[in-house]
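Please look over the chain displayed here before reading on.

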Amino acid sequence: MASLIAPIAAAASDALAGFGTAPVPTPPPNRRRRFGIAVRITIGLSVMALLVVLIGGLSMSSFRLFRAEVTALSTNTLPEVITSADLHGSLQKLVAQLPQLAAATSTPQRRSIYDGLVTELDSMQLLVARMRGLFKEGGVADAERDGNVRLLEQTRSTLLILAATVADLNAEVTRQIEYGDRQTEAARGLGRLALSMDSTPDATGAWAVRVGALMARVAGAMQLDHLSRLKGEARAAERTLTDLARIATNTPDPTGPLMATMQEELSSLLVAPGGLFDSAVERLQARNRAQALTAQSRVLVETVERSTRALYDSIRDQSAERTDALADLIAERTRAVMMLAGASVILAVCVYFIFRRFLSSRLVALNRAVLARSSGGASTAPAGPATAPADATAGIPVDGDDEITDIGASIRYFIDEIDRRQRALADNERRFRNLVEGSIQGIIIHREFHAVYANDAFATMLGLSIADVMALPSLLALVPVEERQPLIDNYDQLLAGGLPTQRRRIRARRPDGAGLWVELSGRRVDWMDGPAIQAVVVDVTREVEAENALRQSRDAAERALCALKATQTSLIQAEKMASLGQLVAGVAHEVNTPIGITITGASQLQTLIAELSDRHATAALKKSDFQRFLSDGMEMANLILSNSTRAANLVQSFKMVAVDQSSDERRAFLLRDYIEELLRSLHPTYKSRAALTIAVDCPADLELDGYPGALSQILTNLIMNALIHALDPEMPGRITIAARLAPDDGAGPGAGLVELSVADDGNGIAAEVLPKIFDPFFTTRRGSGGSGLGLHIVYNLVTGRLHGTIAVDSTPAKGTRFTLRFPRVITAA
């Protein structure tokens, strides 16, 4: 009987404690201690915590100083070093290009070199400006930084002067090339004049000799590099031309006028403004000025180089000083932390030995005493606390003035209390039996399914008396045949293992034939003369009936949900096919025009060939007719080729987009090319909107590996949604499609996310509508043909097929932006 009531004893022990008859002994009194265990532990832990706080504070302070120094190095010092090095490198490029500008011999060469110089100067000005910004951000005012600022200002002002000098040098080189071209042109004219002199009569031989001498002298003068000598040659040429004019005046007709004409042409070619001598003088002057400017530029470049070199050396020295200071700081703080850590270890060892002396050894003694009491058995003698076994309490520490002493006294008290309660257990067993027999749950104890005990609740559950239950030949007769084998297996398992089983629900029937559902749990118990099985049985017939009704309701709801999902799937497919149908209609209309033009051109070409054949057959073909046929035929052929090419491109674009939309093929494709193909297919839909602009901002080499059909459907729905809801047909509007690779996430080459956005500057979406736009069948154009599935399809394709996310940002009257983020390489569906 003690085994039967054991599960209930723990729960009811407090309620039945008053049933005992033995007097309750008085517990040991509490004592006030001046220096107990709590105080000792608190002091030890406080000292350790103080050291930990010191180590943590020193570490945090060191970390903050280290972070501040590293931040200063990374945000100021390192960019200053890099910028100063870049400045010096740009200067070296400038030094290499300056002589090339002075030596330029053609305008394209001069313009290319000058543009490079201007670019380098602008780059150096930007580097100087960046350096000034870094100096301002540094916020540290000292002598070295002030010197760096002065060097930077000197560099900036010298660069401004150098830029002006380079501009002047470019102008002089431009004039030098221009006058050189004029000089060359005049020399060509002089050569043509020399050739024409071969037709002059022999009577002018002396005159021709002087002209030939003049031309030879001019040819020598053009090789002079001395400005004064060149001007002297020009004056000598003027005198010679004057003599030639006088000779021509004295020569009779018709030779005289011819000589005068040649003399005037020589004057215009040689000494007139813009002539050969004038161009040579101007070119030589421009060259001299260019040489002077080149020398000045070298001086300025050397000045800038000295300034930048000094600036770079100063910044590099400052960086080295800060790095050394940081290393010293790290070493100093590391030594301090190591010393505190060593002190913490020593203190921990001391605390361990103190706790072992005053706490753990005494607690071990208490544990041994309790184990000895447990192994020695309970005392059954009707004696007081003093009769407890001597070996059970002999090792309990009772000396000292702390909590362990009180625990020892309490253990002695509880040992005596256990003996007292064991004596009262027999009296309480009868009361426990009354509790079990009065339980509202059925309790049955059986061997081989023959009842050896049953309470009233179990007998009432079956509509029998306790005597009838005990007279049943086998309890298995109360369950269907298919339920008996699991019960037999459970019986064997309980007898073999002894562990309680979980609750299980089975069907049963009363002896009168009425059915019921019960929940039972069993465990092995020792009953009377051997082991038996105790089962707790609860009638759950009403609960099962309620569950069956609830299950039927749930099945009906699931069937309705499946039907709704099938309807939604068909509506989504219809929406996709309607979108594809609109695309087909637009492309068909767009293709009709070039095909019609092609047919007309082919017909006209056929007529031209027939006419040419008729003329050839009648021998009436003229050269003009054949040339006209060639011209008209070429025009018709070009017309046919251009329009058939246009139609083929439209069909190819439509084929690619339509096949992608109607299939789930996965392939690699270039995103920008695919977007342009899609827009070409959609062009018939919005070509009537002259004020509409669709811009594409996407790298040409951005390649995706995924499902172009899903992407085509997404972009088509977003663009059509913008055309229908956001943009007024009569007002200017803009749609921007932008794509880029999201910042590197460390996944390696070829991985990463693609960020694709479709934005418009239209009406926007109201704040109360924005949270609902992805819901199925939600639309603001219910009466105008809207289905409410467009954005729902977009959301499902982005999150399902593309494994991505979609977000929307909209402001009324300012526009809407849809942002998609999905993997560049999409995993297979």
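In which helix is the place of V349? V349 belongs to helix α8, where helices (H or I, at least four residues) and strands (E, at least two) are DSSP runs numbered from the N terminus. This is a predicted model, in which local features need pLDDT of at least 70 and side-chain atom pairs count only at pLDDT 80 or more, while totals for chains, interfaces and linings use all residues. Residues are numbered from 1 along each chain as its sequence is written, and side-chain values use heavy atoms, with hydrogens and water left out.

Together with V345, Y352 and F353, V349 forms a nonpolar patch on the surface, and the accessible area of these residues together is about 400 Å². Accessible areas come from the Shrake-Rupley method with a 1.4 Å probe, and for residues only the protein chains shown count as cover. A patch is made of residues with over 30% relative accessible area and no salt bridge, with like charges joined within 9 Å and nonpolar side chains (Val, Leu, Ile, Met, Phe, Trp, Tyr) within 5 Å. V349 itself has a relative accessible area of 40% and is therefore partly exposed, given that buried means under 20% relative accessible area, exposed over 50%, and partly exposed in between (1.4 Å probe, protein chains only).

## A negative patch

Acidic residues also gather on the surface, where D317, E321, D324, D328 and E332 make up a patch of negative charge. In this count Lys and Arg are positive and Asp and Glu negative, whereas His and the chain ends are not counted; the place of a charge is taken as NZ of Lys, CZ of Arg, CG of Asp or CD of Glu. D317 sits in helix α8, which covers residues 276-376, and D317 is partly exposed, with a relative accessible area of 42%.

## Salt bridges

Side chains of opposite charge can pair when their charged atoms come close. With a salt bridge taken as a side-chain nitrogen of Lys or Arg within 4 Å of a carboxyl oxygen of Asp or Glu, the count comes to 14 salt bridges. One of them joins R175 and E172, with an N to O distance of 2.0 Å. These two residues are three residues apart in helix α4 (residues 143-196), so about one helical turn separates them. R175 is partly exposed at 31% relative accessibility, whereas E172 is buried at 8%.

Another salt bridge connects R507 with E482 at 2.4 Å, N to O. Because R507 lies in strand β3 (residues 504-509) and E482 in helix α13 (residues 481-497), this pair ties together parts that are 25 residues apart in sequence. R507 counts as partly exposed, at 33% relative accessibility.

A further salt bridge is formed by E519 and R503, whose closest N and O atoms are 3.9 Å apart. E519 lies in strand β4 (residues 515-527) and R503 in the loop between α13 and β3, so the pair ties together parts that are 16 residues apart in sequence. Both residues also take part in a network of salt bridges that links R503, R505, E519 and E547. R503 is partly exposed, with 46% relative accessibility.

## Cysteines

A disulfide is a covalent bond between the sulfur atoms of two cysteines. When a disulfide is defined as a pair of cysteine sulfur atoms within 2.5 Å, the count comes to zero disulfides. C350 is partly exposed, with a relative accessible area of 40%, while C562 is exposed, at 53%.

## Positive phi values in loops

Most residues other than glycine have a negative phi. H803, in the loop between α18 (790-801) and β11 (805-811), has a positive phi near 55°. A813 has a positive phi near 70° and is found in the loop between β11 and β12 (815-823). H803 is partly exposed, with a relative accessible area of 39%, whereas A813 counts as exposed at 66% relative accessibility.

## Pairs separated in sequence

T240 lies in helix α6 (residues 227-250) and counts as buried at 16% relative accessibility. T240 and V211 are 29 residues apart in sequence, yet their C-alpha atoms are 8.5 Å apart in space.

N643, in helix α15 (residues 623-662), is likewise buried, with a relative accessible area of 6%. From N643 to I595 the C-alpha to C-alpha distance is 6.8 Å, while 48 residues separate them in sequence.
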